[in-house]
Amino acid sequence: MIKTQATVTSSTKAKPAKKKPAPKGKAGKAKAKPGAAKPAPQPKAEPRAKGERPQGGGSQPKLTEKDMPRVIETLRQYGGIKSVAADKLNVSRTTLYAFLNEHQPALDAAAEIDDEIKDIAEGKVIMAIRAGDMQTVRWYLELKGKDRGYVRRVEQTGKDGGPIETQQKANPKDYTDEELDVLIAAAQRRKAAEAQG
């Protein structure tokens, strides 16, 4: 919204305002009246931390071709986690994804970083297996040893370990009029019994 100032002219001449004489003493500084409160000092603006986004309006910074080494290094430093890397680069996550999609070398580097992290994770799994961590051993065999019969078997049973009972939904078209009357009467008796009990 644009603010404009309107000026109003009057047919009568305005009297010029009387100027107060400057107080005696140091030039440019007025003496404080006794008992008057001193004005509070204005707080100084604190410098922003590196990577912190400005609070006011304005557009987000953009990434350009010359930012490629910085983008790749930041992704590598934070393990390929895009949201953290975007924050450190002082851009939105959407901006970072758009940059990666527009620059194939950066996208390839991000994929390579993800593969490096997977290699590290797999190395830790192997170390845990060699150390005898049985929970990791079981987890690994359930994922990678299915061809050798290492699968988690889940049995579902009915009540008290019996067979699972299934009921086929009745189709009203399969009943005669007399059978439908009997079913409706039974449902009405059941509702009445529930209302009394």
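User: What is the angle between α3 and α4, and how far apart are their axes?

Analyst: This is a predicted model, and in it α3 and α4 pack at an angle of about 110°, with 5 Å between their axes. That angle makes α3 roughly perpendicular to α4.

User: Which residues make that contact?

Analyst: From α3 you have Phe 99, Leu 100, Asn 101 and Glu 102, and from α4 there are Gln 104, Ala 106 and Leu 107. Sorted by class, the contact of α3 with α4 has four nonpolar, two polar and one charged residues.

User: Nice. And how do α1 and α3 pack?

Analyst: Helix α1 covers residues 68-77 and helix α3 covers residues 93-102; they pack at about 115°, with axes 12 Å apart. That makes α1 roughly perpendicular to α3. The crossing of α1 and α3 is left-handed.

User: Who's touching whom there, and what classes are in the contact of α1 with α3?

Analyst: Met 68, Val 71 and Leu 75 come from α1, while Leu 96, Phe 99 and Leu 100 come from α3. By class, the contact of α1 with α3 has six nonpolar residues, with no polar and no charged ones.

User: What is Lys 82 in contact with?

Analyst: Setting aside neighbours within four places in sequence, Lys 82 is in contact with Leu 75, Leu 96, Tyr 97, Leu 100, Ala 110 and Asp 114.

User: How far is Arg 93 from Lys 82?

Analyst: Arg 93 and Lys 82 are 11 residues apart in sequence, and 6.7 Å apart in space from C-alpha to C-alpha. Arg 93 belongs to helix α3. With 49% relative accessibility, Arg 93 counts as partly exposed.

User: And which residues is Arg 93 in contact with?

Analyst: Leaving out neighbours within four places in sequence, Arg 93 is in contact with Ser 83 and Ala 86.

User: I also clicked on Asn 90. What is its phi, and where is it found?

Analyst: Phi of Asn 90 is near 65°, which is a positive value in a residue other than glycine. Asn 90 is in the loop between α2 and α3. Asn 90 is also buried, with a relative accessible area of 19%.

User: Let's zoom out. How many helices and strands does the protein chain have?

Analyst: The protein chain has six helices and zero strands. Of its 197 residues, 15% count as buried. Among contacts in the chain with a separation of 6 or more, 50% are between residues 24 or more positions apart.

User: What about confidence: what's the mean pLDDT of the chain?

Analyst: The mean pLDDT of the protein chain is 77, and 69% of its residues reach 70 or more. Confidence is lowest in helix α6 (residues 177-196), with a mean of 89, and highest in helix α4 (residues 104-130), at 93.

User: Where is the pLDDT below 50?

Analyst: Residues 6-12 are one such stretch, and beyond near neighbours in sequence they have zero contacts in the model. Residues 45-58 also stay under 50, and there the model has 12 contacts beyond four places in sequence.

Terms used:
Residues are numbered from 1 along each chain as its sequence is written. This is a predicted model: local features need pLDDT of at least 70, side-chain atom pairs count only at pLDDT 80 or more; totals for chains, interfaces and linings use all residues. Side-chain values use heavy atoms; hydrogens and water are left out. Axes are lines fitted to C-alpha atoms, for helices over the stretch in contact, and angles run from 0 to 180 degrees between N-to-C directions. Helices (H or I, at least four residues) and strands (E, at least two) are DSSP runs, numbered from the N terminus. Angles under 35 degrees count as roughly parallel, over 145 as roughly antiparallel, 65 to 115 as roughly perpendicular and the rest as oblique. A crossing is left-handed if the near helix is turned anticlockwise from the far one by less than a right angle, and right-handed if clockwise. Contact means heavy atoms within 4.5 Å. Ala, Val, Leu, Ile, Met, Phe, Trp, Tyr, Cys and Pro count as nonpolar, Asp, Glu, Lys and Arg as charged, and the others, Gly among them, as polar. pLDDT is the predictor's confidence in each residue, from 0 to 100. Buried means under 20% relative accessible area, exposed over 50%, partly exposed in between (1.4 Å probe, protein chains only).
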